[in-house]
Amino acid sequence: MGRYVIRRLLQIIPVFFGATLLIFLMVNVMGDPIAGLCGDRKCDPATAARLRAEFGLDKPVWQQYLTYMGNVFTGDFGTAFNGQKVTELMATAFPVTIRLTLVAIAFEIVIGISLGVVTGLRRGRPVDTGVLLVTLVVISVPTFVTGLLLQLLLGVKWGVIRPSVSSAATVDELLVPGLVLASVSLAYVTRLTRTSVAENSRADYVRTAVAKGLPRRRVISRHLLRNSLIPVVTFIGTDVGALMGGAIVTERIFNIHGVGYQLFQGILRQSSQTVVGFVTVLVLVFLLANLLVDLLYAVLDPRIRYA
Amino acid sequence: MPEPPYEPDATIPAVGAGGATDLAMEEGETPEQRPGGGPRGTGTAEPGRARSLWSDAWRDLRRNPVFIISGLVIAFLVVISLWPSLIASGNPLHCDLGKAQEGSQPGHPFGFDGQGCDVYTRTVYGARTSVTVGVCATLGVALFGSVLGGLAGFFGGAWDALLSRITDVFFGIPVVLGGLVFLSVITSTTVWPVIGFIVLLGWPQIARIARGSVITAKQNDYVQAARALGASNARMLLRHVTPNAVAPVIVVATIALGTYISLEATLSYLGVGLKPPTVSWGIDLSAASPYVRNAPHMLLWPAGALAITVLAFIMLGDAVRDALDPKLR
């Protein structure tokens with residue numbers, strides 16, 4: 001197990017540097033980072049040259065990348081367009097997005113898995129067909145349309161929620177945005193659980209459990225679910241990174257000042273430090289979530305052994 | 001509870017590689033009920049002439065209502081993409097500000113958008129852009145992904161290891177984020193930057209699948225036999241491996257086509273996808289979103305068209321998978 005963890009950690013390193021380099025190059029193509037610093041006017045050539053030298057932008061790209069990464073590992077993510085430290089922006093933005101992601105994952109686990117188990121155990125019945133149709137519709141409607149419609153219906157028409165989230169972004173304000181963020185993954189979790197439950201409900205160990213007279217509840221919770229949830233856990237784990245990156249759309253609809261909002265601002269203002277910094281952290285979260293999922297395998301399924 | 005639902009049920013088909021978007025039970029169809037069902041290759045096959053996987057799949061598909069419906073929807077979309085004037089006589093760029101945000105009227109069933117353009121005409125003309133983006137992006141992704149992934153799987157070794165790490169790198173970048181960064185510089189109003197971006201971030205998915213299925217196919221006895229008989233690498237790849245490894249790629253690519261159309265709309269909503277004067281559902285949805293409280297019809301019609309299109313491609317992909325997946329036989 002220990003050796004496996006070390007090997008996986010070592011594998012993460014090249015991937016991390018590759019992904020951040022890719023983003024770094026993309027942002028560098030994004031346009032002149034100095035242009036955003038002089039407001040709407042064009043920079044004075046002398047000022048531009050001085051700023052360039054100050055930020056090290058006159059050096060080749062690979063050298064900039066190395067300097068940047070060196071700074072990142074000492075906890076310095078640079079400064080945003082308005083002189084704020086990027087780490088300060090992160091300190092305000094990440095808690096909000098993490099809360100939003102946690103709400104979304106809670107929805108995926110509670111609703112997705114329950115619906116999946118119910119439909120998986122009642123295949124071919126009306127409830128199964130109905131839920132499957134709903135999941136298909138949810139998958140095919142883009143998230144931003146779902147979000148706008150829910151905001152319109154719940155927020156404006158019926159007044160159940162406030163249409164936009166305050167800057168405090170408490171958990172109860174994030175319930176509907178979290179549901180919107182989770183919607184597509186929720187549909188996938190439902191389908192995945194359903195397939196997995198239906199497949200395993202014909203397994204020998206379930207037959208044995210039934211035959212030895214265990215109560216139905218126990219057969220489902222201890223025998224069937226534990227084995228059926230392995231692919232679902234994988235999906236939810238890899239989804240953590242995708243949700244945090246995809247939160248940009250949801251945050252825009254509900255005016256949540258999280259990671260997506262800061263990134264959007266960074267791109268609008270051509271603040272490459274903000275963009276690269278946030279994306280670097282998101283990539284890291286994504287990779288670590290994947291690693292965690294791989295390790296969870298061994299806990300959930302004792303048949304899997306890591307040498 | 002009339003019967004314990006977890007009781008082993010012989011009529012349920014084995015859903016193996018089904019995964020997240022398994023549709024097998026939607027049709028309430030089981031191998032036993034499947035037309036011409038039962039064990040394949042017995043009974044219905046004409047003697048002396050073995051049916052291929054493809055003709056088998058085609059026989060299955062022709063009788064699958066999901067395939068027929070989604071196929072008809074897609075055929076209709078393709079026709080109106082090629083000749084939108086068949087069902088919409090107006091000009092999508094002809095707008096009358098005086099009618100902005102007005103609802104449905106005779107001759108204008110879907111009403112008018114924020115610029116006073118006819119929503120019906122724009123929705124019909126928008127199909128062309130979405131279908132173009134979906135089809136071109138899918139072709140690009142499938143071509144790049146299957147060639148790179150397939151070669152890596154076939155030859156293995158250092159190239160394979162390198163490719164696996166490269167796909168890991170691309171998987172580490174969230175798609176919408178990458179789109180915002182990459183497309184925010186581009187000022188072109190054509191569809192090509194969006195297609196290029198989708199190909200850039202989409203190919204690793206197909207590459208992984210192609211790699212896996214080539215590795216499975218090359219271990220088959222007939223490939224080993226070909227190798228023993230002295231077949232060249234090119235011949236083994238083209239004659240023996242490719243025909244037996246291409247099915248999963250086709251299935252995933254079909255489903256991905258729908259998601260790419262949806263992705264284009266999302267990018268356009270964020271303001272980095274397509275740009276006017278291109279007529280597309282994504283642009284119309286983006287333009288409609290600030291007015292959704294006063295004029296929801298501006299959002300609902302293009303959104304409905306988009307959802308039906310995406311749904312059609314996902315269901316087509318599911319139907320094709322059901323037909324091609326030997327585990328369902």
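Visitor: How do the axes of helix H3 and helix H6 of chain B cross, and within what distance do they come?
Guide: In this predicted model, the axes of H3 (residues 119-155) and H6 (residues 192-218) of chain B come within 5 Å and cross at roughly 40 degrees.

Visitor: Why is H3(B) called oblique to H6(B)?
Guide: An angle under 35 degrees would count as roughly parallel, and 65 to 115 as roughly perpendicular. The crossing is at roughly 40 degrees, so H3(B) is oblique to H6(B).

Visitor: Is the crossing left-handed or right-handed?
Guide: H3(B) passes H6(B) in a right-handed crossing.

Visitor: What classes of residues make up the contact of H3(B) with H6(B)?
Guide: That contact has 20 nonpolar, nine polar and three charged residues.

Visitor: Let's turn to chain A. How many helices and strands are there in chain A?
Guide: Chain A has 11 helices and zero strands. Of its 307 residues, 42% count as buried.

Visitor: Which residues of helix H10 of chain A are buried?
Guide: In H10 (residues 259-268), they are Val259(A), Gly260(A), Gln262(A), Leu263(A), Gly266(A) and Ile267(A).

Visitor: How do you know that the buried residues line one face of the helix?
Guide: Viewed down the axis of H10(A), they fall within an arc of 165 degrees, so they line one face. An α-helix has 3.6 residues a turn, so residues three or four places apart point the same way.

Visitor: What do the buried residues of H10(A) pack against?
Guide: They pack against helices H4 (86-121), H9 (216-253) and H11 (272-300) of chain A, together with helix H5 (175-183) of chain B.

Key. Residues numbered from 1 in each chain as written. Chains lettered and ligands numbered in written order. Predicted model: local features only at pLDDT ≥ 70, side-chain atom pairs only at ≥ 80, totals over all residues. Buried ≥ 20, exposed ≤ 12 C-beta atoms within 10 Å, placed from the backbone. Helix = DSSP H or I, 4+ residues; strand = E, 2+ residues; numbered from the N terminus. Arc of directions from axis to C-beta. Contact = placed C-beta atoms within 7 Å. Axes fitted to C-alpha atoms, helices over the stretch in contact; angles between N-to-C directions. Parallel < 35°, antiparallel > 145°, perpendicular 65-115°, else oblique. Left-handed = near helix turned anticlockwise from the far one by under 90°. Nonpolar A, V, L, I, M, F, W, Y, C, P; charged D, E, K, R; others polar.
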